[in-house]
Amino acid sequence: MKHGKAFRHLSRPPAHRMLMLRNMVTSLFQHEQIETTLAKAREAARLAEKMITLAKRGNQHSYDKASKFLLDRAMLPKLFTTFAKRYAERPGGYTRIHKYMNRPSDNAPRAILELVDNPKDLRWAITSRAVGWELLKHKLVSKKPQALMNASPKDAQKLVEEEKKKLFQDTTGILRPKTRWNVQKLLRYREGGASLRLGAQATTYIVSSLPPSVDSPLSQINFQKNNLLESKTLLTGRGLEPGQRGLRDTLSAETVAKGRLGNVGRKPERTIKRPVR
């Protein structure tokens, strides 16, 4: 029977468990995105949301409780100013957990714990990429790829604004219902310029997905010594920020959601050398 099992013990004594969770919440507020196991992420997310709720109250009692909980008091101004302002209109759900394969050593399920609407939001990157792919698929029906090289972010912004007002079950739009639902969740509590930024990033994915033509600036890459590193980054996708995409990167959104944000090369096949008789 599940009596008195209010939380996960995480195979640690109470003092060790609470100190570990306090350290994880402090690191989450500092970096806004951490990687840990799934069980630890769920426990740390519960405490992180309580700290943000205290920050939204903004009184002296809440400040004292947060200062006793966090291990680094340098995070207090960020908690009571940046996070309190960011989540002022959001009634809850300040954290998000992405499942991230299993750990090689003990096969424990890993996860990425992040704050919602942070600068490197994985859901923002995945959704903008999905919007770009679906808009590109719609435009290729009537236009040639060369005509889309100079695509304007306003087209994607107009599409995002139209899809925000549609219902989840509506099938008349360009976006799939799941993508439309993610767009509506992303833009619900963001500022007014979020639609333009989402459209600009979706347009970037559209242009990078097209094959470079002769007249395209993407084909005129300078392979001199001082620009060789930038060219390799553009072509291979290595060294890009989370959610960004290189020209030859063909990873799916599901793969990106699992945390595999770069090119994944195939492992060379092992050849077994048999002795000659």
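Predicted model: local features only at pLDDT ≥ 70, side-chain atom pairs only at ≥ 80, totals over all residues.

Residues are numbered from 1 along each chain as its sequence is written, and side-chain values use heavy atoms, with hydrogens and water left out.

I looked up Met 101 and found it in strand E2; helices (H or I, at least four residues) and strands (E, at least two) are DSSP runs, numbered from the N terminus. Met 101 is not a glycine, yet its phi is positive, about 55°. With a relative accessible area of 37%, Met 101 is partly exposed.

Leu 10, in the segment before H1, also has a positive phi, near 60°. Leu 10 counts as buried, at 14% relative accessibility.

**Entry: the largest core**

Next I went for the nonpolar cores, each a set of buried Ala, Val, Leu, Ile, Met, Phe, Trp, Tyr and Cys residues joined through side-chain atoms within 4.5 Å. The largest has 33 residues, and Val 25, Phe 29, Met 51, Leu 70 and Leu 79 have the most contacts inside it. Two or more residues each come from helix H1 (14–31), H2, helix H3 (60–69), H4 and strand E3 (109–115). H2 gives the largest share of this core, 10 residues. Another core, of 15 residues, lies apart from it and has Trp 124, Leu 136, Leu 198 and Ala 202 among its members.

I then checked the contacts of Met 51, where contact means heavy atoms within 4.5 Å. Not counting residues up to four places away in sequence, Met 51 touches Val 25, Phe 29, Ala 66, Phe 69 and Leu 79.

I also looked at Leu 19 in helix H1, which is partly exposed at 45% relative accessible area. From Leu 19 to Leu 70 is 51 residues in sequence and 9.7 Å in space, C-alpha to C-alpha.

**Entry: helix pairs**

For angles and distances, I used axes that are lines fitted to C-alpha atoms, for helices over the stretch in contact, with angles running from 0 to 180 degrees between N-to-C directions. Angles under 35 degrees count as roughly parallel, over 145 as roughly antiparallel, 65 to 115 as roughly perpendicular and the rest as oblique.

Helices H2 (residues 38–57) and H4 (residues 76–86) have axes 9 Å apart and pack at an angle of about 90°. That makes the pair roughly perpendicular. H2 brings Met 51, Ile 52, Leu 54, Ala 55 and Lys 56 to the contact, and H4 brings Leu 79, Phe 80 and Ala 84.

The axes of H5 (residues 122–139) and H8 (residues 194–209) come within 8 Å and cross at roughly 60°, so I noted the two as oblique to each other. Among the residues that meet here are Trp 124 and Leu 136 in H5 and Leu 198 and Ala 202 in H8.

**Entry: a buried arginine**

Is Arg 90 buried or exposed? Arg 90, in the loop between H4 and strand E2 (95–102), counts as buried at 10% relative accessibility. Leaving aside neighbours within four places in sequence, I found Arg 90 in contact with Lys 56, Val 116, Asp 117 and Tyr 189.

Technical notes
Buried < 20%, exposed > 50% of the residue type's maximum accessible area, 1.4 Å probe, protein only.
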